[in-house]
Amino acid sequence: TALPHGKTYLTTYDPAANQTYTGTIPTELGLLTKVTTVSFSHNSQFTGPIPTELGSLTAMIGCFDAKTNLLTSTLPTQLGGAFAAMGDNYWPGFRVDYNSLTGPIPTEYGHMTTLE
């Protein structure tokens, strides 16, 4: 699931659109500082926690869609902080349903006031 070398300018990251991925979500995704949409929900079967490095995705105005995977652990506070840094400049798409996430929703996610 490695990212293409030097592709930090990508604005959409949808690794499962054409094939099935397994393993953990690559931490290098946090290097894609211009990414606005992240989708892991099609054919992927990512396991483990959502990487804290995704808190660097402060340009995300599209959606974060990681539904229907095999993700575990808790929601990282860093990702909620990235959404908070955007203020009202994001589309309210945040999907992590149909996983095995545990624990409370971090207060950092409380900034998503228009979340559906």
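## Exercises on a predicted model

F64 is buried, with a relative accessible area of 0%, where buried means under 20% relative accessible area, exposed means over 50%, and partly exposed lies in between, with a 1.4 Å probe and protein chains only. This is a predicted model, in which local features need pLDDT of at least 70 and side-chain atom pairs count only at pLDDT 80 or more, while totals for chains, interfaces and linings use all residues. Residues are numbered from 1 along each chain as its sequence is written, and side-chain values use heavy atoms, with hydrogens and water left out.

**Exercise 1. Describe the elements of the protein and the order in which they run.**

Step 1. Begin with the count, which gives 1 helix and 8 strands; helices (H or I, at least four residues) and strands (E, at least two) are DSSP runs, numbered from the N terminus.

Step 2. Then read the order from the N terminus on, which is β-β-β-β-β-β-α-β-β.

Step 3. Turn to burial, and note that 41% of the 116 residues of the protein count as buried.

Step 4. Finally, consider the contacts (heavy atoms within 4.5 Å) with a separation of 6 or more, of which 71% are between residues 24 or more positions apart.

**Exercise 2. How many aromatic pairs are there, and how are the rings of F40 and F46 arranged?**

Step 1. A pair of aromatic rings is described by the distance of the centres and the angle of the planes. Rings of Phe, Tyr and Trp (its six-membered ring) pair if their centres lie within 6.5 Å, and planes under 30 degrees apart count as stacked, over 60 as edge-to-face and the rest as tilted.

Step 2. Applying this rule gives 4 aromatic pairs. One of them joins F40 and F46, which are 5.2 Å apart centre to centre with 70° between the planes, and this pair is edge-to-face. F40 and F46 are both buried.

Step 3. F64 and F94 form a stacked pair, with 5.6 Å from centre to centre and 25° between the planes. This pair links distant parts of the chain, since F64 is in strand β5 (residues 63–65) and F94 is in strand β7, 30 residues apart. F94 counts as buried because its relative accessible area is 12%.

Step 4. Putting the pairs together, one finds that F40, F46, F64, F94 and Y109 are linked into a cluster.

**Exercise 3. Which residues does G93 touch, not counting those up to four places away in sequence?**

Step 1. Locate G93 in strand β7, where G93 is buried, with a relative accessible area of 8%.

Step 2. List the residues that G93 touches beyond those sequence neighbours, namely G62, C63 and F64.

Step 3. Compare sequence with space for G93 and C63, which are 30 residues apart in sequence and 4.4 Å apart from C-alpha to C-alpha.

**Exercise 4. Which backbone atoms does the side chain of N99 approach?**

Step 1. A polar atom of the N99 side chain lies 3.2 Å from the backbone nitrogen of N69, and the side chain of N99 reaches the backbone oxygen of D97 at 3.3 Å.

Step 2. Leaving aside neighbours within four places in sequence, the contacts of N99 are with A66, K67, T68, N69, L70 and L71.

**Exercise 5. What is the phi of S73, and what is the phi of Y98?**

Step 1. Most residues other than glycine have a negative phi.

Step 2. S73, in strand β6 (residues 70–73), has a positive phi near 85°. At 35% relative accessibility, S73 counts as partly exposed.

Step 3. Y98, in the loop between β7 (93–95) and β8 (100–101), has a positive phi of about 60° although Y98 is not a glycine. With a relative accessible area of 63%, Y98 is exposed.

Notes:
Polar contact = N/O pair within 3.5 Å; in protein donor to acceptor, adjacent residues only side chain to side chain.
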